[in-house]
Each structure stands twice: as structure tokens, then as C-alpha cells.
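Here's a quick briefing to read with the model open beside you.

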Amino acid sequence: MQKMQSIRAFLDRIEGDTAILLLGEEESVRVELPLKWLPDGVREGVVLRLDASIDAAGTEEGKRKVQSLYDAIPNEP
Amino acid sequence: MPHGHNYTTRKTTTRLLFFICILFAGFAFAGLLFSHQGIAETPKLILSAIDVGQGDSILAEFPNGQVMLVDAGGRSEGAAVVKYLRQRKVSRIDILVASHPHEDHIGGMLAVMDAFQIGKVWDSGYVHGSRTQENFLATIKDKGIRFGTPKSGFTQSVGDARIDVLAPVRPLSGTDSDPNNNSVVLRVIYGQISFLLTGDMESEERNTVSPWPQTTVIKIAHHGSRNGTDRNFLKALSPRVAVISSGRGNNYGHPHSETLSALKSANVKTHNTADTGTVVVSTDGKTISVKTLGPTSHSSASGGGYYGGNKEKSPPPSTGKDGYIGNVNSKIFHRPSCGSLPAEKNRIYFKSRNEAISQGYRPCKKCNP
């Protein structure tokens, strides 16, 4: 099983529908995410964990779909 | 001929006397001018809304030479704030104010506290809990800087000028944004001119202050957000000039159209750092003049960003096969697979063995990187 990467994310502020997160132990990366992507009930000042793992099936599916489009579109340079 | 000579001498003497009179008149006039110039150069209070993109940093240079800095922009803007203060020949900040602990207001504080001697810090006292806030307070503690959380009613004279604290009146919780609604709100008064510095105050905090005193210049709250300003508020203040500190092309719609239209209908001359760069307002206590320094690359600072802090050289590649992990305390570096890796907070990441060694790190004796 692939080890999950867990990133500390401090929810510094919410501007309308946008959450501004400070990532990493020293909050050295600032990112914006749609507020609706975060768990219900989050408020400014909450520490979140962003857990990242490789979705092998999703990766395969993406490649398969693109490949099938290449196969479907006539190649006429 | 002697007559003639006498005449000539008399004539010369008259001319000389006339010349001397003119000279004296000239000196007297110059003296008058000089004294007038002296009057025109009454010590000024100069307030700069520094262009820090989407964030706030307001410098107040008082007529007696003392300096107050309200907020220091985001972490990526700390260097720009330091640079501007140096351009203004600031060597010491007498009062450093953290209006509230959002990163776009206190992120640049470490750079500022590193660069200048600080007289004292005024803070909202609001517990946000970010590492950014923790590092800010830890630095104050470590350096032994005088610290206080002034509330409404607190006042301080700075030479002939004065700073009144208008808010917080009381701690607020359960608002749309508690960090914003516990902002330190200041009014700076010099002669007949006053400045209102609002932090990111929203309607909840605004409603705790009554009545709002008339003000000449307002730093619009919360980067021009609709929750920071409304028509009734502007009616009470009746400001002549408004300054908005926002980032060009920010993703939050700041300043909101509601704020701009309220300012327009209240006939307030409005300057936005996103459009004009740093805005400088100076006053002799009677009149005000506004100067803008032109937009810079900072004006557009807004959304995502990597600050390149010292402790995180790159996004952590801890499971990668390449790279090495150092311990900032022991100065020993390891392979990512080593069983003796330091706690995450003590890690530094290196792309190569050489990079680790060049920064003074020694290889771990267990994993032998």
C-alpha cells in the first residue's frame, strides 16, 4: 500500500467562497481552494490535514480515456 | 574738473548707497521669504499605504520623528515593506501594530522585526493559532519587546499628534470572521486632520463603536470588502479621502462594487494601491496632499504562492527516492529511508548530497548517505 502524504494546512482566512490555506509546518506555501471542497463546519483558525495518495485506478482511467480519443480521431498530419 | 570729479564722486556715492539699500532690501526680502518657507515647512505627518498587493501595511511618520507601522503585509511582502521603510529613512519603529493575525497583515512581521529596532508592539490579543502568529509572538518574547493589547479608550500622545484606540471595544466571537472583528482600530489626529485605520474590521465590530468620530482620511477596512464599509458609516465619518489596500486581480473581488459605489455617492476621493501603488498622504495639520508612487509587481500579489522560507527549501519530497533529509538541530542529514529521521518540524530537504554538505550538514552514520 502506497504511503499517504499528510500535509498540515492552516485555514488562515475565508474570503467569500474561497478558503486561503497556509501549507507545511512553517506555513510557507499559500493556496486558495473553493470553500466547498473543505469539510463542513470549517472556520478560520482550524488546522486541517490534506492527505494525498496516488489513485492508481484514476491514473489508469485518465490515460485510457485520452488514448481512446487518440485512437478515435483520424491521424492526418 | 574737480567739480566734475566731485560731482562724479557724489554720483558714485549715491549709486553706492542706492546699491547698498537694494542689497539690504534684498536681504530683508530673502529673510522674509525664508521665514515664510519656515512656516510652510511645519513638521508634517506622513502616512503611507505601502503597496503590498493583497494585504495591509501602513506607515505613519509623525511630526516629531516617531514612527508607527500598522501591519506588515503577507510573508512574501516583508522585504518590500523593509525596503520602503529604508527609503523613508526609518531606522526605528516606535510602535508596531498587528491589527489582527491574518497572514496578509502579520506575515511580513518577522522581516520587519529583524530589520528594525522596535519600541513596542500593539496587538489585537486575538488567538488565531497559526504558526505565523506563533512565530510573531515568540519573536516578541525572545527579543523582550514591550507588548500590549490596547482597547477602546486607550490614547497616546506622539508629540503634537495623538493616537486614539477606537476598537476593539470588547472581544467578539461567533462573527463572520472573528480575527477580522477583533481588529485594532486606530484614529491618528494631527491638528484639524485625522486618519482612521480600520484593519479588517467588519460590520459586527463596526457596530460596537458609537458614535464614529468625523475623519479626514480613512483606510478602508478589509481591502474594500462589502462587509467593511457601508453608506451610514461613511455618512458618520464624512471622510474626504479614502485609501484602499488591495491586490490587483485578487480572487476575492476586492474592492467590492458596493464599497466603491458607497464611496462614490459619499463623494470621497478614493485611491487604491492596486491601481496606483503606494499611496502617500501628508498633512501639516491643516491641509492634506496625496501622492501615489505608481503600481509595481507587488500590486498584483494575490493568491497562491511559495515563500521559499528557510526551513522548507522545497515541498517535502520525503517519500521520494532522490534527495536527503537534514535535521536543523543536529545538522546531520539522512537518506529518506533512514530509521532515524528527525521530526517533521526539524527537517530540511536537500536535492543532493553536495547541497547538504555545502550547508554544513554531516552524513548520518547509520544510513550513510
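A cavity here is a set of points, on a 1 Å grid over the protein atoms alone, where a 1.4 Å probe fits but cannot get out, and its lining residues have an atom within 4 Å of a point. Grid points are joined across faces, edges and corners, and a volume is the space filled by probe spheres set on the points. With that in hand, a search of the whole structure turns up two cavities of 30 Å³ or more.

This is a predicted model, so local features need pLDDT of at least 70 and side-chain atom pairs count only at pLDDT 80 or more, while totals for chains, interfaces and linings use all residues. Residues are numbered from 1 along each chain as its sequence is written, chains are lettered from A and ligands numbered from 1 in the order in which they are written, and side-chain values use heavy atoms, with hydrogens and water left out.

**Chain B overall**

- Chain B has 11 helices and 20 strands; helices (H or I, at least four residues) and strands (E, at least two) are DSSP runs, numbered from the N terminus.
- Of the 369 residues in chain B, 50% are buried, where buried means under 20% relative accessible area, exposed means over 50%, and partly exposed is in between (1.4 Å probe, protein chains only).
- Take the contacts in chain B (heavy atoms within 4.5 Å) between residues at least 6 apart in sequence: 61% of them join residues at least 24 apart.
- The accessible surface of chain B is about 17,900 Å², and carbon and sulfur atoms account for 54% of it; the areas come from the Shrake-Rupley method with a 1.4 Å probe, and for residues only the protein chains shown count as cover.

**The largest cavity**

- The volume of the largest cavity is about 40 Å³.
- Its lining includes B:Leu47, B:Ala49, B:Ile58, B:Val243, B:Val279 and B:Val281.
- Strand 1 (45–49), strand 11 and strand 14 of chain B each put at least two residues into that lining.
- Which strand gives the most to the lining of the largest cavity? Strand 11 of chain B does, with three residues.

**B:Ser282 in strand 14**

- B:Ser282 sits in strand 14 (residues 279–283) of chain B, and at 14% relative accessible area B:Ser282 is buried.
- Leaving aside residues up to four places away in sequence, B:Ser282 touches B:Lys44, B:Leu45 and B:Ile46, along with B:Thr287, B:Ile288 and B:Ser289.

**Aromatic pairs**

- The whole structure holds four aromatic pairs over all chains; rings of Phe, Tyr and Trp (its six-membered ring) pair if their centres lie within 6.5 Å, and planes under 30 degrees apart count as stacked, over 60 as edge-to-face and the rest as tilted.
- B:Trp122 and B:Phe154 are edge-to-face, because their planes are at 85 degrees, with ring centres 5.5 Å apart.
- That pair links distant parts of the chain, 32 residues apart: B:Trp122 is in strand 5 (residues 117–123) and B:Phe154 is in the loop between strand 6 (146–148) and strand 7 (155–158) of chain B.
- B:Trp122 is buried at 3% relative accessible area, whereas B:Phe154 is partly exposed at 36%.
- B:Trp212 and B:Phe233 also pair edge-to-face, at 5.0 Å centre to centre and 80 degrees between the planes.
- Here B:Trp212 comes from the loop between helix 7 (203–206) and strand 11 (217–219) of chain B and B:Phe233 from helix 8 (residues 231–237), 21 residues apart; both B:Trp212 and B:Phe233 are buried.

**Charges over rings**

- B:Arg206 lies over the face of B:Phe233, 5.4 Å from the ring centre; a charge sits over a ring if NZ of Lys or CZ of Arg is within 6 Å of the ring centre and within 35 degrees of the ring normal.
- The charged end of B:Arg86 sits over the ring of B:Phe116, 5.6 Å from its centre.

- The peptide bond from B:Ala167 to B:Pro168 is cis, with omega near 10 degrees, and B:Pro168 is in the loop between strand 8 (161–167) and helix 6 (178–181) of chain B.
- B:Ser210 and B:Pro211 are joined by a cis peptide bond too, with omega about -10 degrees; B:Pro211 is in the loop between helix 7 and strand 11 of chain B.
- A:Glu27 is not a glycine, yet its phi is positive, near 55 degrees; A:Glu27 counts as buried because its relative accessibility is 1%.
- B:Lys331, also not a glycine, has a positive phi of about 60 degrees, and B:Lys331 is partly exposed at 37% relative accessible area.

How values were computed: 1 Å grid on protein atoms, 1.4 Å probe; cavity = no way out; pocket = protein on both sides within 12 Å on 5 of 7 lines; lining within 4 Å.
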